[in-house]
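Biologist: Could you take one part of this model, the charged side chains and what surrounds them, and go through it closely? I would like the cut-offs stated along the way.

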Amino acid sequence: MFQSLRLAAAVVAVLCAPAIGADIARIAPPLPPIQRSPAPLWIWTGFYGGANIGYGWENAGSPTFSGSSPLIPVLQGMATDGLRYEGQGALGGLQIGYNHLVWPRVVVGVETDIQLAGIRRSGQATNVLGTGVAGDFSRSTDWLGTLRLRAGFLATERVLVYATGGLAYGGARFAANATDGLGQTVSVSRSETRFGYTVGAGTEVLLTRNLSVKAEYLFYDLGTVRATAAELVPGTPSDAVGEIRANGHVVRTGINYRF
C-alpha cells in the first residue's frame, strides 16, 4: 500500500512540474542586461606632443674681465657706465613627453623640449668712464632645450599642478670690444653649447580627452660663458678674457595632443 502511495505522489509531481515552472517564469522578472562601465573621460596616462611659445629674460649680472690688455678697465667699466647686460626676448618650440597616473591624484612623467630663442642684449658706449674710449658688447641665448622629470597633484580630474626639473642645454654667445684713438684694441668672443640645469612649476588643464593646455615657469642655468681674445694687436699686450653667467627665466604657454 505504501509503495502505491509513493508511486502516486511521484506521478503527481511529474505532472505538476511544468505548470509550477511556468508560474515561476511568469512571476520572476527578467534579469537586466550586463552594463559595461564606461571608460573614464579624463585620462592622464600616455604619450603626448605639442608646441609652446613664451618669453625669456636673463639675469642682470655683469661680466668680469681679466688679462694684460690696458683696455681691460674699459671693458669692465662699460657696466659701471650704465650699460645693461640682461638679455630678453621671445622663444618658441616643440615638446614631447609621457605621463603616468601612479595614484588616484598623483601624476609623474618625463618631458623634453627644444626652442628657438631670441633672448639677447647689446650695447655700446663712445666715452666709457669719460676716457674717450669706445666699447661695445653683445650676448644672446639663441636656442634652449630641456629634459625634465615632472611630478604633480590633480587638483581636479582635469587640472594638474606640477613641479619639474632636470637638464637644460642651449646655445650661448658673448662678445665684447674696446678701442681707443691710439690704435689699441681688444676683442673677446665666444659662442658655444652649454649644459646646466632647470627647475620650475606649472599647471596643465585637460580640455578634451586628447587636448590640453599648460602654463609654465622655468629657471635655467647654463653656467659661465668664457670668452677669450679674438684679435691680438702685434707688439701690444692685447690678451683678455671675459666671463658672464648664462642663466635666466622663462614663462610660456603650450598645447598638447595626447595619443
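Modeller: Glu 111, Asp 113, Arg 148, Arg 150, Glu 204, Lys 214, Glu 216, Arg 252 and Arg 258 are linked in a network of salt bridges, where a salt bridge is a side-chain nitrogen of Lys or Arg within 4 Å of a carboxyl oxygen of Asp or Glu. This is a predicted model, in which local features need pLDDT of at least 70 and side-chain atom pairs count only at pLDDT 80 or more, while totals for chains, interfaces and linings use all residues. Residues are numbered from 1 along each chain as its sequence is written, and side-chain values use heavy atoms, with hydrogens and water left out.

Side chains of opposite charge can pair when their charged atoms come close. The structure holds 17 salt bridges, and one of them joins the side chains of Glu 111 and Arg 150, at 3.8 Å from N to O. This pair links distant parts of the chain, with Glu 111 in strand 4 and Arg 150 in strand 5, 39 residues apart; helices (H or I, at least four residues) and strands (E, at least two) are DSSP runs, numbered from the N terminus. Glu 111 is buried because its relative accessible area is 1%, and Arg 150 is likewise buried because its value is 4%; buried means under 20% relative accessible area, exposed over 50%, and partly exposed in between, with a 1.4 Å probe and protein chains only.

Glu 204, another member of the network, forms a salt bridge with Arg 258, the closest N and O atoms being 3.2 Å apart. Here too distant parts of the chain are linked, since Glu 204 is in strand 7 and Arg 258 in strand 9, 54 residues apart. Both Glu 204 and Arg 258 are buried.

Leaving aside its neighbours within four places in sequence, Val 159 is in contact (heavy atoms within 4.5 Å) with Trp 44, Phe 153, Leu 154, Thr 203, Glu 204 and Val 205. Val 159 counts as partly exposed because its relative accessible area is 23%. Val 159 and Leu 207 are 48 residues apart in sequence and 9.5 Å apart in space, C-alpha to C-alpha.

Leu 207 in turn belongs to a nonpolar surface patch of about 690 Å², made by Phe 47, Leu 207, Leu 211, Val 213, Ile 255, Tyr 257 and Phe 259. Patches are made of residues with over 30% relative accessible area and no salt bridge, like charges being joined within 9 Å and nonpolar side chains (Val, Leu, Ile, Met, Phe, Trp, Tyr) within 5 Å; the accessible areas come from the Shrake-Rupley method with a 1.4 Å probe, and for residues only the protein chains shown count as cover. Strand 8 and strand 9 each supply at least two residues of the patch. Leu 211 has its place in strand 8, and Leu 211 counts as partly exposed because its relative accessibility is 33%.

A further salt bridge joins the side chains of Arg 194 and Glu 192, at 3.4 Å from N to O. Arg 194 counts as partly exposed because its relative accessibility is 21%, whereas Glu 192 is buried because its relative accessible area is 18%.

The structure holds six aromatic pairs, where rings of Phe, Tyr and Trp (its six-membered ring) pair if their centres lie within 6.5 Å, and planes under 30 degrees apart count as stacked, over 60 as edge-to-face and the rest as tilted. Trp 143 and Tyr 169 form an edge-to-face pair, 5.9 Å centre to centre with 65° between the planes. This pair links distant parts of the chain, with Trp 143 in strand 5 and Tyr 169 in strand 6, 26 residues apart. Trp 143 is partly exposed because its relative accessible area is 26%, whereas Tyr 169 counts as buried because its relative accessibility is 18%. Tyr 197 and Phe 219 form a tilted pair, 6.2 Å centre to centre with 55° between the planes. Trp 143, Tyr 169 and Phe 195 form one aromatic cluster.
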